[in-house]
Amino acid sequence: MDRTPHPLTATDATSPASPHPAPGCESAGSRLGVAEVTGTGKLRRDGYARLGATDLGIDADELAGDLAELARAFEHLPRDPHAPESNRFRRYSHAVYLSWTDELSFIPGTPDDEYGTVSEFWQDEHNPEFPDARRKLPDLTPDLRDNRLVRAIIRADLAEALWLEQLRTAPVYLAVHMIRLAVRDRTQVAVSSPNCLHQDGGSPALCTFAHLVDRRNITGGENVIAVPGCAGRQPDDLAPEEIHARFVLSEPLDGYGVHDHSVSHYVAPVHLADHADSGHRDIFIVGIAPFTPGL
């Protein structure tokens, strides 16, 4: 993201000591486009859940302008600097949430000459393509951080995950990711990372949510949810009983969530559809985990 936001404009919060939100902040009662939800319970029951806008309590009609703004931002995503031949484009930022004050705040990135600011993306040993690599990725821009739909999605995902006690008793770390898989001719393939069933690793309370923003003129991009032991393998190598679900996200805000330690997950590469000049799959991802004390 090309920004270093002012602390107030980077935060939406409710102060328990005041009936009025601070400048640049929003109260729980003033949030637009997201109902007061406590989650569907599907993630807790099954370890994964298909989730659309209605499931998440998001009013897609009210936030249509914000969806359009978010969709336009995918047109200008920087190429993945760590995999320039992958046909993958992305932005990535960190945020923090405090359940006891209902405060959601984006964390300023590190200044960078090329991208404005960057944030560090680390998956310890769980990504076989980048084992223990600390990748710096371009941040979400300030307008995206303030986008009402972006904040509504994050809050709705939190509602799905807060059944985990670890997320209610510690500051919550949020990894907010925009990824476009794009192809421009029939010889190209756009690949997610890692290109196998995987788990994201880290805390036992880690949850990951993915929401489609746009899909156009492509084939592939199938999602697969399987048992945890399938991490590192390809879907076609699995026995039927090892697979929980296979599906393709096709409509805006169609999505899913996973409790990382309960399942493994995968998205297939993307190819250009017949009779098309270009195609893409735009996905908005929110990772949720408790902050771990370092002292």
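## Overview

Strands are DSSP runs of E with at least two residues, helices are DSSP runs of H or I with at least four, and both are numbered from the N terminus. The model shown here is predicted.

The protein has 6 helices and 16 strands. It holds 295 residues, and 55% of them are buried. Consider the contacts between residues at least 6 apart in sequence. Of these, 78% join residues at least 24 apart.

Start with β16, which covers residues 279-290. Here 12 of the 12 residues are buried, so the strand is largely enclosed by the rest of the structure. Its residues point two ways. Gly 279, Arg 281, Ile 283, Ile 285, Gly 287 and Ala 289 point one way. His 280, Asp 282, Phe 284, Val 286, Ile 288 and Pro 290 point the other way. Residues on both sides are buried.

Which strands pair with β16? Strand β8 (residues 172-183) is joined to β16 by 12 bridges, and the two run antiparallel. Within this pair, Leu 181 has Arg 281 of β16 as its bridge partner. Strand β9 (residues 207-216) is also antiparallel to β16, with 9 bridges between them. There, Phe 209 stands opposite Val 286 of β16.

## Two nonpolar cores

The largest nonpolar core has 43 residues. Those with the most contacts inside it are Ile 58, Leu 70, Ile 154, Leu 174, Met 178, Phe 284 and Ile 288. Helix α5 gives the most to this core, with 8 residues. In soluble globular proteins, nonpolar side chains tend to be buried together.

What does Leu 70 touch, not counting residues up to four places away in sequence? The list is Leu 144, Asn 147, Leu 149, Val 150, Met 178, Val 213 and Phe 284.

## Where α3 meets α5

Leu 70 also takes part in a helix contact, the one between α3 and α5. Helix α3 spans residues 64-74, and helix α5 spans residues 148-161. Their axes come within 7 Å and cross at roughly 95°. Angles of 65 to 115 degrees count as roughly perpendicular. The two helices are therefore roughly perpendicular to each other.

Which residues of α3 and α5 make the contact? From α3 come Asp 66, Leu 67 and Leu 70. From α5 come Arg 148, Leu 149 and Val 150. Of the residues in this contact, 4 are nonpolar, 2 are charged and none is polar.

## A sheet of 3 strands

Now turn to an open sheet. It has 3 strands in the order β12-β11-β14, and the pairing is antiparallel. β12 (243-247) and β14 (264-267) stand at the edges. Each has a single partner strand, so one side of each is left without a neighbour in the sheet. On average, neighbouring strands are turned by 10° against each other, direction ignored.

Strand β11 (residues 223-226) and β12 are antiparallel and are joined by 4 bridges. Ala 226 stands opposite Ile 243 in β12. The loop between β11 and β12 contains Gly 229. Is Gly 229 buried or exposed? It is exposed, with a relative accessible area of 61%. Gly 229 and Gln 199 are 30 residues apart in sequence. In space they are 9.6 Å apart, C-alpha to C-alpha.

## Backbone details in the loops

Most residues other than glycine have a negative phi, and most peptide bonds are trans. A few places here depart from that pattern. The peptide bond from Ser 193 to Pro 194 is cis, with omega near 0°. Pro 194 lies in the loop between β8 and β9.

Leu 253 has a positive phi, near 75°. This residue is in the loop between β12 and β13 (255-259). Leu 253 is buried, with a relative accessible area of 5%. His 275 also has a positive phi, of about 65°, although it is not a glycine. His 275 counts as exposed, at 87% relative accessibility.

Note on methods. Residues numbered from 1 in each chain as written. Predicted model: local features only at pLDDT ≥ 70, side-chain atom pairs only at ≥ 80, totals over all residues. Heavy atoms only, no water. Axes fitted to C-alpha atoms, helices over the stretch in contact; angles between N-to-C directions. Parallel < 35°, antiparallel > 145°, perpendicular 65-115°, else oblique. Contact = heavy atoms within 4.5 Å. Nonpolar A, V, L, I, M, F, W, Y, C, P; charged D, E, K, R; others polar. Pairing = 2+ DSSP bridges. Core = buried A, V, L, I, M, F, W, Y, C linked by side-chain atoms within 4.5 Å. Buried < 20%, exposed > 50% of the residue type's maximum accessible area, 1.4 Å probe, protein only.
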